Amino acid sequence: MIYYDKVSKVYPDKTVALEEVSFSVEPKEFLTIVGQSGAGKTTLMKLLIAEDWPTSGAVFFESSNVHRLNRRETNRLRRRIGTVFQDYRLIPNKTVYENIAFAMEAAGRTDGEVASDVPHVLELVDLGSKIWNFPHELSGGERQRVAIARAIVTQPDVILADEPTGNLDPANTYEIIRILRKINELGRTVILTTHNKGVVDEIGGRIITMEKGKVIKDSRDGKYVL
Ligand code: ADP
């Protein structure tokens, strides 16, 4: 379970990014956070993986305050949360296979695990045929599917996808959403952010709407929770 308890974030230049944000996310939930650019979505994501600190309030992962963990515990937390970003963040001079293998090696997986799991995870995102290609040989949608494969290959409990469809056309957007739903059905919690209301209509489920650093709506299947 993830819980944001009255979280505020004011950046050093006095920009108020979040104001008393509270909500929780249940295990295996598919949560979409929608809001215009600047609403505070990325800041929320960064706080969960302890890449930045709240000005006040607290963020909990299970029963731990993520900002009170030591370095070893923070690393363990980050291994439980796979991340996907708008700009893919693949290593350009490594093949698809090597990009995913690299993430697995960093997480301490053996060569045998890498050899068996990389093809498997690429099948899951329908990219088995591109295993030996380099990122520049792939379309945007394909690159994002590699990034998703890399995020899930170490079997984290939670996938954070921060504007994963921001650079994609509608067909590729739909495909990425379909894959994230599949991952959710396989038992992972998924948190997706988007500024695109059209994406939200596609997804249904639980939707938190942010505006200027505040949660202004929390709804499930069209019904208001907040
Ligand atoms: P979103 O992801 O919804 O676009 P962000 O969380 O990136 O929103 O940004 C929220 C607000 O905080 C915006 O006004 C943004 O300009 C500001 N902001 C984000 N990062 C920083 C930073 N490092 N320093 C100062 N202001 C920032």
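## Ligand site and cores

In this predicted model, a backbone N or O atom of Ala39 lies 3.1 Å from an oxygen atom of the ligand.

| Residue | Part of residue | Distance to a ligand oxygen atom |
|---|---|---|
| Ala39 | backbone N or O | 3.1 Å |

The ligand exposes 560 Å² when taken alone, and the protein buries 65% of that. The shell around the ligand includes Tyr11, Asp13, Gln36 and Thr42. Helix α1 (residues 41-48) gives the largest share of this shell, three residues. By class, the shell residues are three nonpolar, seven polar and two charged.

The largest nonpolar core has 36 residues, and those with the most contacts inside it are Ile100, Val118, Leu122, Ile148, Leu180 and Ile183. Elements giving two or more residues to this core include α3 (96-106), α4 (111-124), β7 (158-162) and α6 (170-185). Its largest share, six residues, comes from α5. Beyond its neighbours within four places in sequence, Leu180 is in contact with Phe30, Ile148, Ile159, Ala161, Pro164, Val190 and Leu192. Another core, of 26 residues, lies apart from this one; Leu31, Ala39, Val59 and Ile208 are among its members.

Arg68 lies in the loop between β5 (64-65) and α2 (71-79). Arg68 counts as exposed because its relative accessibility is 70%, and the cut-off is over 50%. The C-alpha atoms of Arg68 and Ala50 are separated by 9.4 Å, with the two residues 18 apart along the chain.

Terms used: Residues are numbered from 1 along each chain as its sequence is written. This is a predicted model: local features need pLDDT of at least 70, side-chain atom pairs count only at pLDDT 80 or more; totals for chains, interfaces and linings use all residues. Side-chain values use heavy atoms; hydrogens and water are left out. A nonpolar core is a set of buried Ala, Val, Leu, Ile, Met, Phe, Trp, Tyr and Cys residues joined through side-chain atoms within 4.5 Å. Buried means under 20% relative accessible area, exposed over 50%, partly exposed in between (1.4 Å probe, protein chains only). Helices (H or I, at least four residues) and strands (E, at least two) are DSSP runs, numbered from the N terminus. Contact means heavy atoms within 4.5 Å. A residue is near a molecule or strand if one of its heavy atoms lies within 4 Å of it. A polar contact is a pair of N or O atoms within 3.5 Å; within protein, one must be able to donate a hydrogen and the other to accept it, and residues adjacent in sequence count only if both atoms are side-chain atoms. Accessible areas come from the Shrake-Rupley method with a 1.4 Å probe; for residues, only the protein chains shown count as cover. Ala, Val, Leu, Ile, Met, Phe, Trp, Tyr, Cys and Pro count as nonpolar, Asp, Glu, Lys and Arg as charged, and the others, Gly among them, as polar.
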